[in-house]
Amino acid sequence: MSSRGQRDAQERGRRRRDRSGGAGVRRSFSTYADQSRRVIYVAAEGARTERDYIDLLNTTYGEKTDPKFRLHFCHPGHNNGLRPEQVVDQVLDVAGPDDEKWALFDRDKDDARDIEIPRAMRKAWQHGVQVALSHPSFELWLLLHFQQFTGQEDGLSETVLRRLRGHREAKGFEQYDVQSGDRGKGLGGQRGQSLIGRERAAVRNASRLVARCPYDGCSAEHADVTPIPAPRTESYEEWTRRTGHGPGCDPLKRDPSSDVWRLLAGLGIGTEER
């Protein structure tokens, strides 16, 4: 078994032991002796594209930075997708109370999430989870690796997908979300390679979208990419201000936008410092 496989097996075993202990208490990362590697737990509504992207970051950057980091993708055990609030529940189910936690989901108007997203964000705030909301879809974040995109899509991603499939530098994306399995929404092979090295452009393009938000006072300069100290150590307004958007900015109207850039910036990926 590979070292990565051993780590994953140990992690699964730890969660089983924690759950069988009666109270369901999980050890946080800070209680382990080896703290040389920063661990961030990430859950997402999609079990294919987002997982593959997290794997790309781990493989390309997680082993090459000092201090090292590992993004732990919290797979739900199926590929059916999760609702926004379920994404928050998933990362809370896997991570401990003191661990760094992120929840990735999008608006997806076809899925009627306008009521669910504010509720999911409130739950995330209550439990110290950072949220990366993409509007209209996670695929916008992928497209921002190759170009800026400012067209309002009202929660529909057809134009984003068309631009991604047709971009001449997005190698391998020609049949993205057309076929099934890994060929459908996977990021292996040529697709992943075409993304790597373009993180700075993606971070720059996504952060610029914050300033284009229709609500006054939104700017990436106000964003905070540091870990949340502990649950409820800041107000909901302070928590949402981490995105760079003003406290009264409606997340459903941040069209287009993708907050995934903050996750990378917090790891030093795609920033001027790297």
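User: In which sense do S4 and S5 pair, and over how many bridges?

Analyst: This is a predicted model, in which local features need pLDDT of at least 70, side-chain atom pairs count only at pLDDT 80 or more, and totals for chains, interfaces and linings use all residues. Residues are numbered from 1 along each chain as its sequence is written, and side-chain values use heavy atoms, with hydrogens and water left out. Strands (E, at least two residues) and helices (H or I, at least four) are DSSP runs numbered from the N terminus, and two strands pair if DSSP finds at least two bridges between them. For S4 and S5 the pairing is antiparallel, over two bridges.

User: What is the strand order of the open sheet, and which strands lie at its edges?

Analyst: The open sheet has five strands with mixed pairing, in the order S2-S1-S3-S4-S5. Strand S1 (residues 37-44) pairs with S2 in the parallel sense over six bridges, and five bridges join S1 to S3, also in parallel. S3 and S4 run parallel as well, joined by five bridges. Pairing on one side only marks the edge strands, S2 and S5.

User: Which residue in S5 is the bridge partner of serine 134?

Analyst: Aspartate 106 belongs to strand S3 (residues 100-106), and its bridge partner in S4 is serine 134. Serine 134 in turn has a bridge partner in S5, namely serine 258.

User: Is aspartate 106 buried or exposed, and what is its relative accessible area?

Analyst: Contact means heavy atoms within 4.5 Å. Leaving aside neighbours within four places in sequence, aspartate 106 is in contact with Glu45, Arg113, Ile117, Leu133, Ser134, Pro136, Ser137 and Phe138. Buried means under 20% relative accessible area, exposed over 50%, and partly exposed in between, with a 1.4 Å probe and protein chains only. Aspartate 106 is buried, its relative accessible area being 8%.

User: How many residues of S4 are buried, and which lie on each face?

Analyst: Strand S4 is mostly covered, with six of its six residues buried. Both faces are covered: one side carries Gln130, Ala132 and Ser134, and the other carries Val131, Leu133 and His135.

User: How many residues of strand S2 are buried?

Analyst: Strand S2 spans residues 68-73 and is mostly covered. Within S2, lysine 68 is the bridge partner of arginine 37. The number of buried residues in S2 is five of six.

User: What span does helix H9 reach, and which elements cover its buried residues?

Analyst: Helix H9 (residues 199-211) has 13 residues and reaches 19 Å from its first C-alpha to its last, close to the expected 18 Å; that expectation is 1.5 Å times one less than the number of residues. Its buried residues include Ala202, Ala206 and Val210. The cover includes helix H2 (49-62), helix H5 (138-143), helix H8 (190-195), strand S5 (257-258) and helix H11 (260-266).

User: What is the volume of the largest cavity, and which elements give two or more residues to its lining?

Analyst: On a 1 Å grid over the protein atoms alone, a cavity is a set of points where a 1.4 Å probe fits but cannot get out, and lining residues have an atom within 4 Å of a point. Grid points are joined across faces, edges and corners, and a volume is the space filled by probe spheres set on the points. Five cavities of 30 Å³ or more are found in the whole structure, and the largest cavity holds about 90 Å³. Two or more lining residues come from each of strand S4 (130-135), H9 and S5.

Methods:
On a 1 Å grid over the protein atoms alone, a cavity is a set of points where a 1.4 Å probe fits but cannot get out, and a pocket is an open set with protein on both sides within 12 Å along at least five of seven lines; lining residues have an atom within 4 Å of a point.
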